[in-house]
Amino acid sequence: MNTTVKYDIEVIKEDALQLVKKRLVNRQQSIYTLCKYIPHPDWVNFELELEKNEFLLRDRIIDLLNHELWEDD
């Protein structure tokens, strides 16, 4: 049984934010870095959704985090 996940840009942004919060990725790394956390069969759908929303794999993860809230220290 081959099941692939359809990715929505908001889901991608939330997943990226969670990976940053867990310190598994850095905001300055390229979006391509996220491929380590996406199942291989789903990567094509992930990449197509990014392209549809005008993101490139070389763009920085921080570009996906435009709704990130900053807390005072």
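# Helices, rings and core in a predicted model

Visitor: How much of the protein is buried?

Guide: Buried residues make up 34% of the 73 residues. Buried means under 20% relative accessible area, exposed means over 50%, and partly exposed is in between, with a 1.4 Å probe and protein chains only.

Visitor: Which residues of helix 2 are buried?

Guide: In helix 2 (residues 43-52), they are Trp43, Phe46, Glu49 and Leu50. Seen down the helix axis, these buried residues fall within an arc of 130°, so they line one face. The arc is taken from the directions from the helix axis to the C-beta atoms.

Visitor: What does that side pack against, and what is on the face turned away?

Guide: The buried residues of helix 2 pack against helix 1. The face turned away from the buried side carries the exposed residues Val44 and Lys52.

Visitor: What follows helix 2?

Guide: Glu54 follows helix 2, and its phi is positive, near 65°.

Visitor: Switching to rings. How many aromatic pairs are there?

Guide: The count comes to three aromatic pairs. Rings of Phe, Tyr and Trp (its six-membered ring) pair if their centres lie within 6.5 Å; planes under 30 degrees apart count as stacked, over 60 as edge-to-face and the rest as tilted.

Visitor: How are Tyr7 and Phe46 arranged?

Guide: Their ring centres are 5.4 Å apart with the planes at 90°, so the pair is edge-to-face. Tyr7 lies in the segment before helix 1 and Phe46 in helix 2, so the pair ties together parts that are 39 residues apart in sequence.

Visitor: Are those two buried or exposed?

Guide: Tyr7 is buried, with a relative accessible area of 9%. Phe46 counts as buried at 2% relative accessibility.

Visitor: And what about Trp43 and Phe46?

Guide: The ring centres of Trp43 and Phe46 are 4.9 Å apart and the planes are at 25°, so this pair is stacked. Trp43 and Phe46 are three residues apart in helix 2, which puts about one helical turn between them. Ring pairs link Tyr7, Tyr32, Trp43 and Phe46 into a cluster.

Visitor: Which residues touch the most other members of the largest nonpolar core?

Guide: Of its 18 residues, those are Ile12, Leu34, Phe46, Leu50, Ile61 and Leu64. A nonpolar core is a set of buried Ala, Val, Leu, Ile, Met, Phe, Trp, Tyr and Cys residues joined through side-chain atoms within 4.5 Å.

Visitor: Which element gives the most to this core?

Guide: Helix 1 does, with six residues.

Visitor: What does Ile61 contact?

Guide: Leaving aside neighbours within four places in sequence, the contacts of Ile61 include Ala16, Val20, Val25 and Leu34. Contact means heavy atoms within 4.5 Å.

Visitor: Where is Lys13, and is it buried or exposed?

Guide: Lys13 is in helix 1 (residues 9-21), and at 14% relative accessibility Lys13 counts as buried. Beyond neighbours within four places in sequence, Lys13 is in contact with Phe55, Leu64, Leu65 and Asn66.

Note on methods: Residues numbered from 1 in each chain as written. Predicted model: local features only at pLDDT ≥ 70, side-chain atom pairs only at ≥ 80, totals over all residues. Heavy atoms only, no water. Helix = DSSP H or I, 4+ residues; strand = E, 2+ residues; numbered from the N terminus.
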